[in-house]
Amino acid sequence: MFQEESELRTDDDRGSREEWTLLLWTSVAVIVPVLITLWCSSQRSKRKTHIKGFFRKSKHCWQYTDLFNKPTYCCVCSQHILNGAFCDCCGVCADEECLPRADRYLPCKEIMAPWRPDGAVEHRWVRGNVPLASYCTVCKQQCGTQPKLCDFRCVWCQTTVHDDCMDSLTDEDLCDLGEFRSLIIPPQYLYRVNKLRRRNPEEFIKLASSCSRSWTPVLVLANTRSGNNMGEALLGEFRTLLNPVQVFDLSELTPAKALQLCTLLPPGSVRVLVCGGDGTVGWVLDAIDTMKLKDQDQFVPWVTILPLGTGNDLSNTLGWGAGYAGEIPVEQVLRNILDAEVVKMDRWKVQVASKGALFRKPKVLSMNNYFSVGPDALMALNFHAHREKTPSFFSSRIINKVVYFLYGTKDCLVQECKDLDKRIELELDGERVELPSLEGIIVCNIGYWGGGCRLWEGVGDEPCPPTRLDDGLLEVVGVYGSFHCAQIQVKLANPVRLGQAHTVRLLLKSSKMPMQVDGEPWAQGPCTITITHKTQVLMLYHSAEQTDDEDSSASETESATPHDSPRPPGASSARA
């Protein structure tokens, strides 16, 4: 009996030890991977911090990538690499171990360089990783076909040449800055400007005569936070094709500071490409107005748009499309700028004087596109508040439009802006307008509204007065609600045309109402709103094709009525 009890006790001890052993190994299996993951995460964080610090001090404009999108070879060790860094100015590529040597021994694109006595510009060659489908300037055969670091590319004119053909190049084969020479600021020009004792427009014109004929340099101002977050990639592509000093990131530098480069270039020759939404364009145009206040009118540039925002109505009106998603290469964007025409566009001043604030200055805003009060402003206000809380969620143009749709659907049920006609008075050029039962009023300066809808022209054969960008007139329309706005956007209804005027005045008598100017919304209490003409700006118009989200065929553009085009009679070509 004692033997049986000892055997049972032994079995219990053995079972207990096995349970503890199982528990131990289970704990190890769970804890060890967690510790390894935490260690790897900390090492990755330290590595990223080290790389960012290295990039900050480097002369190159390095961009790190975990996977190159084409076969890539290190410019230092010549080995094939899957991840590493590349300079988006000169195109040098290197793996992480070779980065210090690449930074030390491989020079980047120079933004300033001494001028040769004969005025010639030498090629600046970088070996390997030439663009796909590029051809040798000597033998006319394709470059970059061998699976190794081979062939050369000039960082200025983008000319490519085989390793074996380099010896065939003569001293007469100099760099002409390539296809976009009329848009590039040559490094020699900036060097000579830096040496000038007296910096005045006449001196700049003399220096410009040594550049290419019809030289009209372009400045690129990109908002990396706009719409679908393509701004950062576009900055790199433009730095590759142009002088890096011409390309500005608006998250690091304000438009007012970036546009000071215009004062170092020949007067009336500069174009500015704004990569962003309508809000970014308005930001740049405000900076141009500041230049005028500083008596720098002669240096004011022409403005063109690469639409990266959500609505992009101004871009659509000027023929640059409803949104850019990389469907055409950056080279074609620059060619379109070369072919664009100059038009004038009205800008307007919106004064908001709150009721009872006698000793407070009225709120003053600038308007390029439209002012509205009612359901579309309410959607913009709700969208703006949501985006401020979770900005990372709104990184796609499609997501942004879906959120707008959801807020519009909600307002169809709630109708927060009903009885607008009882709460507001409208005057056009001093004459009061009797309002029907509306929920919203929209005051337009341009042809498009709501992300690609022709608001004033509407649908059908109903005649309406023509509109122009430079006629000093505003078009005023009304809407019955969010559902009516949706019907207008899908071309099932027309807005209520209230009239055209040089001056628009609205009196909000009671309660708060949502309002917006060019997509910037706010909630406003009782006030008086006065919209008057402010100034005109020079914009570039792309006449080849004018599209919206639903209609982008060239045939419809050709069949449009004459007043559909914003070009004033006698609009001059930008190339002239």
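D286, D289, R347 and K534 are linked in a network of salt bridges, a salt bridge being a side-chain nitrogen of Lys or Arg within 4 Å of a carboxyl oxygen of Asp or Glu. Before going further, please keep in mind that this is a predicted model, where local features need pLDDT of at least 70, side-chain atom pairs count only at pLDDT 80 or more, and totals for chains, interfaces and linings use all residues. Residues are numbered from 1 along each chain as its sequence is written, and side-chain values use heavy atoms, with hydrogens and water left out.

Within it, D289 pairs with K534, and their closest N and O atoms are 3.2 Å apart. D289 belongs to helix 7 (residues 278-293) and K534 to strand 26 (residues 527-541), so this pair ties together parts that are 245 residues apart in sequence. Helices (H or I, at least four residues) and strands (E, at least two) are DSSP runs here, numbered from the N terminus. D289 is buried, with 9% relative accessibility, whereas K534 is partly exposed at 36%. For these words, buried means under 20% relative accessible area, exposed over 50%, and partly exposed in between, with a 1.4 Å probe and protein chains only.

In total, the structure holds 11 salt bridges. Side chains of opposite charge can pair when their charged atoms come close. Another pair to look at is R335 with E179, where the closest N and O atoms are 2.5 Å apart. R335 sits in helix 9 and E179 in the loop between strand 8 (160-161) and helix 3 (187-195), so the contact ties together parts 156 residues apart in sequence. R335 is partly exposed at 27% relative accessibility, and E179 is partly exposed at 43%. D176 also forms a salt bridge, with R181, at 3.0 Å between the closest N and O atoms. D176 has a relative accessible area of 43%, and R181 has 32%.

Now for the open spaces. The second largest pocket has a volume of about 1,200 Å³. Of the 40 residues that line this pocket, K70, P131, G236, E237 and T240 are the closest to its centre. Strand 1 (62-65), strand 4 (84-87), helix 5 (231-241) and helix 9 (330-339) each give two or more residues to the lining, and helix 5 gives the most, with six. By class, the lining has 20 nonpolar, 12 polar and eight charged residues. In this scheme Ala, Val, Leu, Ile, Met, Phe, Trp, Tyr, Cys and Pro count as nonpolar, Asp, Glu, Lys and Arg as charged, and the others, Gly among them, as polar.

On a 1 Å grid over the protein atoms alone, a cavity is a set of points where a 1.4 Å probe fits but cannot get out, a pocket is an open set with protein on both sides within 12 Å along at least five of seven lines, and lining residues have an atom within 4 Å of a point. Grid points are joined across faces, edges and corners, and a volume is the space filled by probe spheres set on the points. The second largest cavity holds about 40 Å³ of space, and its lining consists of C444, I446, G447, L455, W456, E457, T467 and E475.
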